[in-house]
Amino acid sequence: MIYMDHSATSPVDPEVFKAMEPYFVDSFGNASTLYSLGREARKAMEDSRKKVASLIGADPTEVIFTSGGTESDNIAIKGTAYRLRKKGNHIITSDIEHPAVEETCKYLEKNGFQVTYLPAGEEGIVKVEDLKNAITDKTILITIMHANNEIGTIQPIKEIGEIAREHKIYFHTDAVQSVGKIPVDVKDLNVDMLSLSSHKLYGPKGIGALYIKKGVRLEPIIHGGGHEKGIRPGTENVAGIVGLGKACEIAEQNLEENFKRLTAIRDEIIEKVLSGIEQSYLNGHPTKRLPNNINFRFTSIEGESLVLHLDAKGIASSTGSACSSKKLEPSHVLMALGLKEVDAHGSLRLTLGKENKEEEIDYVVESIKDAVDTLRKLSPLWCQVDEE
Amino acid sequence: MYSEKVMEHFSNPRNVGEIEDADGVGTVGNPVCGDLMTIYIKVKDNRIEDIKFKTFGCGAAIATSSMVTEMAMGKTIEEALEITRNDVANELEGLPPVKMHCSNLAADALHAAIEDYKKKLAEKEA
């Protein structure tokens with residue numbers, strides 16, 4: 001199988017798995033206990049915290065472990081909103097956020113907060129000018145993703161952070177898709193909070209982290225035994241934490257090499273598909289995107305069918321088509337780009353990972369061509385396009 | 001999530017294409033929702049002697065189109081009108097619940113083609 005859906009999840013790196021193994025049966029101790037077994041677990045956890053902090057340029061004391069990206073986003077956004085609600089009730093985000101941010105903001109809207117959704121526009125990148133204009137004296141939080149999960153576009157986080165600092169507004173970024181793929185440095189990016197997830201960077205599922213800049217205070221949204229500074233209580237998932245730490249360590253070592261190699265594969269696939277298939281287009285920005293993200297659209301066909309045909313050829317991919325979503329609505333990200341529904345249905349996302357090889361490019365491109373061709377022959381819309 | 005039968009019809013759809021001198025043509029669905037299908041029928045002595053389809057849509061939309069053409073081929077107009085959405089889904093060994101409503105339109109397209117045929121026939125006779 002050629003796996004090209006790494007933005008959905010990635011396989012656990014065998015080295016990560018090996019690092020985790022002792023923490024299930026042998027070193028199973030509760031990291032909050034006093035005896036040696038517990039201290040061992042605590043030490044493994046704190047080593048991991050250093051590795052996570054190192055990958056994002058943070059101090060280890062600024063990293064708390066969570067169950068993943070969704071939880072990190074919820075803690076950061078609701079935690080800020082509840083803490084600062086006396087100061088103001090306005091939040092600024094974008095219209096292409098992951099549901100973990102989008103739905104959290106919508107929930108807060110139902111509970112007395114006002115949310116401005118900055119338009120990402122045709123290229124899928126928010127404009128700093130729009131942000132400046134959206135800020136009011138009631139704004140307490142800006143939450144804008146680092147890189148988009150569907151179209152891979154990279155947002156001007158550093159510039160947004162500068163503006164947030166000037167206005168003394170907290171700034172959170174969901175960096176689930178970017179950490180480990182492009183350089184992420186919390187100081188350079190001027191962020192106060194940053195969410196990351198383990199299973200997008202070859203670590204296990206069910207573990208993630210939230211960077212909280214020293215001095216930033218959040219209202220806890222989960223209550224319990226005081227673990228993780230009381231921000232994320234619950235007995236620590238030591239094996240998961242060790243896995244995340246190892247994954248971050250490996251990601252840091254290989255970041256530059258993977259960035260170069262995947263960018264080259266990405267650009268070759270894009271070039272060959274756009275030149276080889278008529279009426280094919282790239283969604284999102286041509287260069288300001290993740291090195292591993294490709295998002296096409298093909299007229300007159302529907303994405304779920306395309307994904308099924310590619311699966312039959314041994315290629316794992318995804319689509320923003322309504323037909324493949326639980327809500328039966330086209331991707332809000334593709335709609336935010338200004339696409340018509342019928343075009344959003346014809347989208348195909350390929351997200352590369354470190355096990356993808358240059359040798360796979362031609363097979364993947366040929367398979368896409370075949371599948372698009374087969375579906376267009378079936379499509380009543382394709383004839384109409386033909387006759388124009 | 002799809003049955004083997006659905007995948008089989010999706011991968012090898014039967015009766016794909018158009019009939020140029022069709023006696024009836026029926027189109028249902030809406031590309032905005034992601035599904036659009038057209039069914040063409042050729043009728044002789046009150047029997048469907050040829051049937052073809054073209055579909056834009058998901059796996060379920062394509063499989064139900066293919067299945068309904070197979071079910072209707074050779075049937076009388078009256079028999080074909082009795083084919084329901086549920087019959088198509090059953091013949092395919094079921095559809096995911098979320099697809100039952102939005103993508104299971106093939107029986108409707110068949111009925112629309114038959115209505116078109118009847119209308120043309122009435123016009124001819126008039």
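This is a predicted model: local features need pLDDT of at least 70, side-chain atom pairs count only at pLDDT 80 or more; totals for chains, interfaces and linings use all residues.
Colleague: Which hand does the crossing have where α7(A) passes α11(A), and what makes it so?

Modeller: Right-handed. Residues are numbered from 1 along each chain as its sequence is written, with chains lettered from A and ligands numbered from 1 in the order in which they are written.

Colleague: What makes α7 and α11 helices?

Modeller: They're DSSP runs (H or I, at least four residues; strands are E, at least two), numbered from the N terminus. In chain A, α7 covers 238–276 and α11 covers 361–378.

Colleague: At roughly what angle do the axes of α7 and α11 of chain A cross?

Modeller: Roughly 35°, and they come within 10 Å. Axes are lines fitted to C-alpha atoms over the stretch in contact, with angles from 0 to 180 degrees between N-to-C directions.

Colleague: Which residues make the contact between α7(A) and α11(A)?

Modeller: Among them are I265(A) and I269(A) of α7(A), plus V364(A) and I368(A) of α11(A). Residues are in contact if their C-beta atoms, placed from the backbone, lie within 7 Å.

Colleague: How many residues does each domain of chain A bring to the contact between them?

Modeller: Domain 1 (14–251) and domain 2 (255–387) bring 22 and 19 residues, respectively. Those bounds come from an automatic or database domain assignment. Their centres, taken over C-alpha atoms, are 29 Å apart.

How values were computed: A crossing is left-handed if the near helix is turned anticlockwise from the far one by less than a right angle, and right-handed if clockwise. Two residues are in contact if their C-beta atoms, placed from the backbone, lie within 7 Å.
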